[in-house]
Amino acid sequence: MAFNEVTEALREYEAKVAEKGGTAPRRLRPGLTREDAQRIAAGYDVTLTEDALAVWMWHDGEGTLPYCPGNPDHQCNGSYGIFAESGFPPLSVAFQLTERMCALWDSFENSAPFPANVMYATDITDFNGGTAAMCLWDVTFTVHNTDSPQVVIDCHNPEVKDSMALTCEYQYVNRGNLTVSDFIHKEIERLDDGTYTVSDNGTLVFA
């Protein structure tokens with residue numbers, strides 16, 4: 001099952017970060033129950049995939065990072081967490097961040113010059129269950145600058161065995177071929193090969 005594979009990979013990743021002296025594992029929140037996670041998702045008319053459940057049942061994000069949805073000046077700095085130079089939001093915040101990106105797309109759609117030049121409401125033929133614009137089922141997994149989704153988990157089909165981990169730019173989602181399990185194993189490889197290092201204050205950063 002994908003759920004078990006993702007859970008095991010996340011636990012391995014967390015242990016490796018701790019072994020290297022990273023402090024982020026100490027700030028991880030307790031995981032959600034399956035029922036609580038799906039209840040949060042249901043508030044946005046989304047059903048989480050098994051991979052997404054595995055993520056937030058592992059830990060419900062990081063507890064001390066200053067997530068500031070909608071802060072245009074990014075004055076709440078420090079979205080460095082368990083993933084290198086990225087924050088990992090609690091599930092309730094993850095949906096707020098996704099919802100904000102959806103609202104931004106709605107407000108900019110058909111306006112010039114951006115992002116109307118790269119996506120339109122009528123563009124319903126691509127990979128992501130309908131449109132390249134971020135949708136509520138694109139659940140924010142990691143963020144940068146405290147409020148900008150960086151990687152999302154595609155939950156448009158809750159029955160799928162292996163969910164995709166897709167990168168984002170502004171209000172749209174990029175085509176990708178990494179599953180959530182692939183993404184986590186790639187993070188493990190980066191820890192092992194020295195791509196990531198731990199700074200003197202315990203922050204996981206690019207070497």
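Reader: Which residues do ring pairs link into a cluster?

Author: This is a predicted model. A search of the whole structure finds 11 aromatic pairs. Ring pairs join seven of the side chains into a cluster, and its members are Tyr13, Trp56, Trp58, Phe83, Phe88, Phe141 and Phe183.

Reader: How confident is the prediction, as the average pLDDT of the chain?

Author: Of the residues, 77% score at least 70. Where pLDDT is low, the predicted coordinates should not be read in detail. The chain average is a pLDDT of 82.

Reader: Tyr13 and Phe83 form an aromatic pair; is it stacked or edge-to-face?

Author: The ring centres of Tyr13 and Phe83 are 5.2 Å apart. Planes under 30 degrees apart count as stacked. The angle between the planes of Tyr13 and Phe83 is 15°, and the pair is stacked.

Reader: How many residues apart are Tyr13 and Phe83 in the chain?

Author: Tyr13 belongs to helix α1, residues 2-19. Phe83 sits in the loop between β2 (59-62) and α4 (91-108). Both Tyr13 and Phe83 are buried. The pair links distant parts of the chain, 70 residues apart.

Reader: Why is the pair of Trp56 and Phe141 classed as it is?

Author: The ring centres of Trp56 and Phe141 lie 6.2 Å apart. A pair needs centres within 6.5 Å, and planes over 60 degrees apart count as edge-to-face. The planes of Trp56 and Phe141 stand at 65°, so the pair is edge-to-face.

Reader: How many residues of α3 are buried?

Author: Helix α3 is mostly covered. Its buried residues are Asp51, Ala52, Leu53, Ala54, Val55, Trp56 and Trp58. That makes seven of the nine residues in α3.

Reader: Which strands are the edges of the open sheet?

Author: Four strands form this sheet, in the order β3-β4-β5-β6, with antiparallel pairing. An edge strand here pairs on one side only. The edges are β3 and β6 (172-173).

Reader: What is the bridge partner of Thr142 in β4?

Author: Strand β3 is mostly covered, with six of its seven residues buried. β3 pairs with β4 (residues 148-154) in the antiparallel sense, over six bridges. Asp138 stands opposite Asp154 in β4. The bridge partner of Thr142 is Val151.

Reader: In what order do the elements run from the N terminus?

Author: The chain has five helices and eight strands. From the N terminus on, the order is α-β-α-α-β-α-β-β-β-β-α-β-β.

Reader: Among contacts between residues at least 6 apart in sequence, what share joins residues at least 24 apart?

Author: Buried residues make up 50% of the 207 residues. The chain exposes about 9600 Å², with 49% of it from carbon and sulfur atoms. Among contacts between residues at least 6 apart, the share joining residues at least 24 apart is 65%.

Reader: Is Asp45 buried or exposed?

Author: Asp45 lies in the loop between α2 (34-42) and α3. Its phi is near 60°, a positive value in a residue other than glycine. The relative accessible area of Asp45 is 77%, over the 50% limit, so Asp45 is exposed.

Reader: What is the phi of Glu85?

Author: Glu85 is in the loop between β2 and α4. With a relative accessible area of 28%, Glu85 is partly exposed. Glu85 is not a glycine, yet its phi is positive, at about 55°.

Reader: Which residues is Thr179 in contact with, leaving aside its neighbours within four places in sequence?

Author: Thr179 sits in the loop between β6 and α5 (180-193). Thr179 is buried, with a relative accessible area of 14%. Beyond those neighbours, its contacts are Asp162, Ser163, Met164 and Ala165.

Terms used:
Residues are numbered from 1 along each chain as its sequence is written. This is a predicted model: local features need pLDDT of at least 70, side-chain atom pairs count only at pLDDT 80 or more; totals for chains, interfaces and linings use all residues. Side-chain values use heavy atoms; hydrogens and water are left out. pLDDT is the predictor's confidence in each residue, from 0 to 100. Rings of Phe, Tyr and Trp (its six-membered ring) pair if their centres lie within 6.5 Å; planes under 30 degrees apart count as stacked, over 60 as edge-to-face and the rest as tilted. Helices (H or I, at least four residues) and strands (E, at least two) are DSSP runs, numbered from the N terminus. Buried means under 20% relative accessible area, exposed over 50%, partly exposed in between (1.4 Å probe, protein chains only). Contact means heavy atoms within 4.5 Å. Accessible areas come from the Shrake-Rupley method with a 1.4 Å probe; for residues, only the protein chains shown count as cover. Two strands pair if DSSP finds at least two bridges between them.
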